[in-house]
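Have the model open as you read, and let's begin with the cavities.

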Amino acid sequence: MKKRRKITMKDISDKLGISINAVSLALNNKYGVSEETRNDVLRMADELGYFSDTQPKSVQVNNENICLLLNNRYLRNPSFYSKVVFGIEEEAKQGPEPLDLIVNFFNDDQLQIPSCIEQNKVVGILIVGKIKDAFLEELSAFGIPIVLVDHFSHTHAMDAILTQNAAGAYLATQHVINRGHYAIGYVGDIDFSLSFKERWFGFYTCAREMGICDDLHLSHLFKYSITKNIAHAVMDKDYQFLANTIKRLEEFPTAWVCCNDETAAAMYHALELLGIKVPEQVSLVGFDDTEIYNILEMGLTTIHVMKETMGKTALQTLIERIKKPTNVSKTISLPVTLAERGSVRNMNTSQE
């Protein structure tokens with residue numbers, strides 16, 4: 001016997017000719033729809049078998065579930081986001097009534113609305129990492145509070161928990177300049193994510209303020225930098241591609257500030273293929289302070305990000321948003337620090 005398809009809020013909205021948001025408000029017993037619409041929604045939901053497919057009506061309104069959405073691509077490098085998710089999980093255990101997390105994954109090309117959202121089984125949504133605005137539009141239609149983690153939307157007013165990316169890249173750049181490096185470059189796809197763009201801005205700002213370049217000589221930085229078409233090579237660990245990219249540079253720097261630790265590690269392996277030693281011939285600085293730094297015998301100098309705190313803060317913000325849905329949305333940027341190890345050569349000493 002063929003299994004019957006589960007009824008979703010979209011089925012109800014299509015039948016009644018109203019928005020998914022209106023259906024969600026009615027099923028959640030929230031303000032924003034008339035009593036007549038609420039009754040129509042409940043009647044249609046009952047006729048279609050929506051409640052039998054999901055949970056009893058009482059649970060539809062009073063559940064303690066949170067949907068955690070994570071991009072599939074981060075599964076290939078879980079070192080950063082696993083710590084963020086751990087922080088979310090730890091925070092979910094706190095309080096008299098612990099929250100349950102329902103984890104779902106999506107890819108860049110297609111968003112499959114999780115059944116827990118369609119069937120109204122969650123009171124809030126945490127989106128960890130980059131997501132397209134078009135997907136946010138679809139998710140917002142359900143009327144469920146959303147908090148973005150390590151991402152920011154320019155088109156949707158939503159709570160967002162971020163890292164001080166520009167400040168961190170500024171610290172990293174300042175560190176290599178203070179150690180005598182003037183031929184410096186940035187490595188990372190500037191347009192890949194908001195974080196990478198902000199980190200490029202911090203790198204450029206520090207270089208300009210410390211006299212490495214000015215607005216009329218920005219090309220001085222670009223001739224040492226790799227700022228596009230390498231993100232997939234980094235994620236796929238295609239070190240030969242990166243080595244070939246390095247060989248095509250107009251000039252070779254003495255130090256690179258990398259957009260994250262994963263990129264710094266990939267550059268290290270690519271440099272190995274070229275017979276170039278770190279830090280003797282070129283210095284590397286990462287960003288995020290993940291376990292990747294262990295690949296270097298001397299350790300990777302990097303920017304420490306409060307990953308677990310990011311997760312905890314995100315869930316705290318979501319709970320506040322659920323309790324006070326009309327509050328103005330806010331953006332929280334967590335501070336960063338420099339984690340100094342051995343991957344940056346000191347050019348100021350005669351011994352090195």
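By class, two nonpolar, four polar and two charged residues line the second largest cavity; Ala, Val, Leu, Ile, Met, Phe, Trp, Tyr, Cys and Pro count as nonpolar, Asp, Glu, Lys and Arg as charged, and the others, Gly among them, as polar. This is a predicted model, in which local features need pLDDT of at least 70, side-chain atom pairs count only at pLDDT 80 or more, and totals for chains, interfaces and linings use all residues. Residues are numbered from 1 along each chain as its sequence is written, and side-chain values use heavy atoms, with hydrogens and water left out.

**Second largest cavity**
- Its lining consists of D150, H151, L162, N165, S193, L194, S195 and E198 (a cavity is a set of points on a 1 Å grid over the protein atoms alone where a 1.4 Å probe fits but cannot get out, and lining residues have an atom within 4 Å of a point).
- The helix α10 gives the most to this lining, with three residues (helices are DSSP runs of H or I, at least four residues, and strands are runs of E, at least two, numbered from the N terminus).

**Largest cavity**
- Among its 28 lining residues, Y74, F192, F196, N260 and E262 lie nearest the centre.
- Two or more lining residues come from each of α6 (78-92), α10 (194-209), α12 and α14.
- The lining divides into 11 nonpolar, nine polar and eight charged residues.

**Helix α14**
- Ten of the 13 residues of α14 are buried, so the helix is largely enclosed by the rest of the structure (buried means under 20% relative accessible area with a 1.4 Å probe, protein chains only).
- Among the buried residues are E262, M267 and Y268.
- Just after α14, G275 takes a positive phi of about 75 degrees.

Notes: Buried means under 20% relative accessible area, exposed over 50%, partly exposed in between (1.4 Å probe, protein chains only). On a 1 Å grid over the protein atoms alone, a cavity is a set of points where a 1.4 Å probe fits but cannot get out, and a pocket is an open set with protein on both sides within 12 Å along at least five of seven lines; lining residues have an atom within 4 Å of a point.
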